[in-house]
Amino acid sequence: METTAYDDCWLRYEPVQSSARRSTYRTLCSHVFTSTAGPEFGVIRDELHTGLTGLLGREPHLWMHPPRSTDGFLAVGRRERMAVVRAGVDKHEIEALHAEGFIIRSVEWEGTDCLVITGATNAGMVYGTFHLLRLLATGEPIDELDIVEEPKNDTRTINHWDNPFRRSVERGYAGSSIFDWAQLPALRDRYRVYARMLAAVGINGIVLNNVNTQTPSRPGENPAIADMAGWQLLDSSQLPKVAALASVFRRYGIKIYLSVNFAAPVLMGELDTADPLADEVVQWWSETFDAVYDHVPDFGGVLVKADSEGQPGPHDYNRTHAAGANLLGRALAPHGGRVFWRAFVYGSHDDRAVQAYNTFAGLNGAFHENVTLQIKNGPIDFQPREPVSTLFGALSETNIACELQITQEYTGQGVHLCYLVPQWKEIFETDTHANGERTSVAELLAHGDQNGVAGVGNIGADPNWTGHYLAQANCYGFGRLVWNPDLEIESITEEWITQTFSDDPAVVETVASILHDSWPAVLDYMTGHLGLLHMMYNGNDVVENHYDPAPGEWPAYHGADDDGIGVDRTDYAEQYPEPLAEQYLSVDDCPTELLLFFHHLPWEYEYEGTTIIQRLYDNCTAGVETVRSMRDRWASLADDIDRKRHRHVAERLDEQLVEAKQWRDTLIAFFDEYADIPAQTQHSDESEP
Ligand code: GCV
């Protein structure tokens, strides 16, 4: 087992400071009686031991039977096995409960005040345990609890874009992959800690490898490694390694998935076609999945990037995406496995927005029942802001999942702070008008047990897991919001800060203000905050840069020319149902933050008391001022946060400020070059050293 020191993130379990709270917590949680019926109870006992020891300042007594003569105790287990649970929970409540739901309730049993955690499954009780520990860590009262919690989204996965044999992570900014395929099936303690972190926020699946299951070799790379790619994980030599990881994650209710290559039957050297309608291909996938399930009986299924950015797919054989996805769906169905088929396809950069809808909307209802279409939140590609994909509202007869990006490919990568929970909340709350007046994206996703949300992970081998300490908030917030999209942004932020840094109200307020200002700041200086996008540098590397400012590189995305700026996306707007289409098509009604996504307007177009160009100048300038203020607010916390984490974040914010200025200056110069209207703005750079 590896013993490298790494950060505890949101599982720090610092001692409870209030003596009154600590005293109540000790009365109810110093004695713990848990079931032992299943490996998940090992997890529950371990977590309660670790968590309560840290929070209460002394080890809890773990009982195998109901404790007697204590002032109170905590009981975790199934209703049918525990009299103390039966005393407070009705059997109909358990029958009505979601499989991953839980109940935490104050119960009086034989004259003793108890707290019980129960659920319909062991996984539910794992979630309930983490929930109770979070209540303690955030100082909530626990003396009169009656909590019934169920996840709103059934599938809640992290997609690792990890290249297994290279140990690199595509779009990863936190070091190499945490999964060490060269050493697997030997396990590392870090896998278990990662499983704890994910279960604590309700994640129930991880895809172990990059959707790009074949990638070109890079200059200077060892050919023996470059030739090995994700598609080889289906090889029988790799399956014991997958099984080893599954053995760690399953105890935390987390299923393992793999990204697979559509042409695997050919790549593995066994067939000369991957045509989804060929009998030998059908048989190949069936036998291949049989072997996977021999090793991992609860294997979740597969994620597929097909006919996209160089990955093979059914179009190579003149077949539809439905034919391709259903091939895999049928082969997985006997085992209960699932297919997540990505809708991220485009043939050219010219009118990329319309392409996914044009490809998939006509296939509504054509997919096998265990196939889920995984759709990026917007039509372009994880930009700082996009309107929601038109596909969400167009697939009434198809299982859908929303793919979000936790890692910050286009929002400053490992350097810029960009807290994305507000972005995701906006996406979830967007009304698609798909089924009448009010049908938010969140409602569409929550409807059906094959739907869900996937997040492209930001975890790597860095000791702090996410590269930037504050980027931990994005991983945490993703899990919490996907478990329940109705949670308020502010409460997710505050619970993260309290568990991660301090419960001092001044610290909580300051860090929250920094986090909440960060996405608007990025939108200001990277886009001008009127709906422009993709002004990042691409370059010629195999993995495009997507970080530095280079607005001249892809004019088609933002439409700058001598006459004006923005893109007339009438074709895309018309893919929305009414009244959305009409709203986006009208300059007057289009939301300000999407104005130039949908419209090409003259530079001096008068808008809300100013001109478009002046508004862009002002926003770019304001973004830098916000970052400067974020940096200063963080500096004010030097005595409240340990030096290591404080200094790390301070350095990142210094760097972000330098780069935000570069963004501002590059965009302003670019706009001026076309518009020939010099910027009338003032900034505070003069005071900078
Ligand atoms: C995994 C964008 C990214 C790629 C990514 C791709 C995808 O193009 O730049 O790195 O590939 O999206 O989501 O498949």
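On a 1 Å grid over the protein atoms alone, a pocket is an open set of points where a 1.4 Å probe fits, with protein on both sides within 12 Å along at least five of seven lines, and lining residues have an atom within 4 Å of a point. The structure is a predicted model, in which local features need pLDDT of at least 70, side-chain atom pairs count only at pLDDT 80 or more, and totals for chains, interfaces and linings use all residues. Residues are numbered from 1 along each chain as its sequence is written, and side-chain values use heavy atoms, without hydrogens and water.

The largest pocket has a volume of about 520 Å³. Its lining comprises 23 residues, of which Glu-100, Ala-123, Asn-204, Gly-253 and Lys-255 lie nearest the centre. Two or more lining residues come from each of helix H5 (122-137) and strand E11 (255-259); helices here are DSSP runs (H or I) of at least four residues and strands (E) of at least two, numbered from the N terminus. Domain 1 (19-149) and domain 2 (155-487) each contribute at least three residues to the lining of the largest pocket, with domain bounds taken from an automatic or database domain assignment.

Strand E11 also belongs to a closed barrel of eight strands, E7-E10-E11-E12-E13-E14-E15-E16, with parallel pairing. Strands pair if DSSP finds at least two bridges between them.

How values were computed: Points joined across faces, edges and corners; volume = space filled by probe spheres on them.
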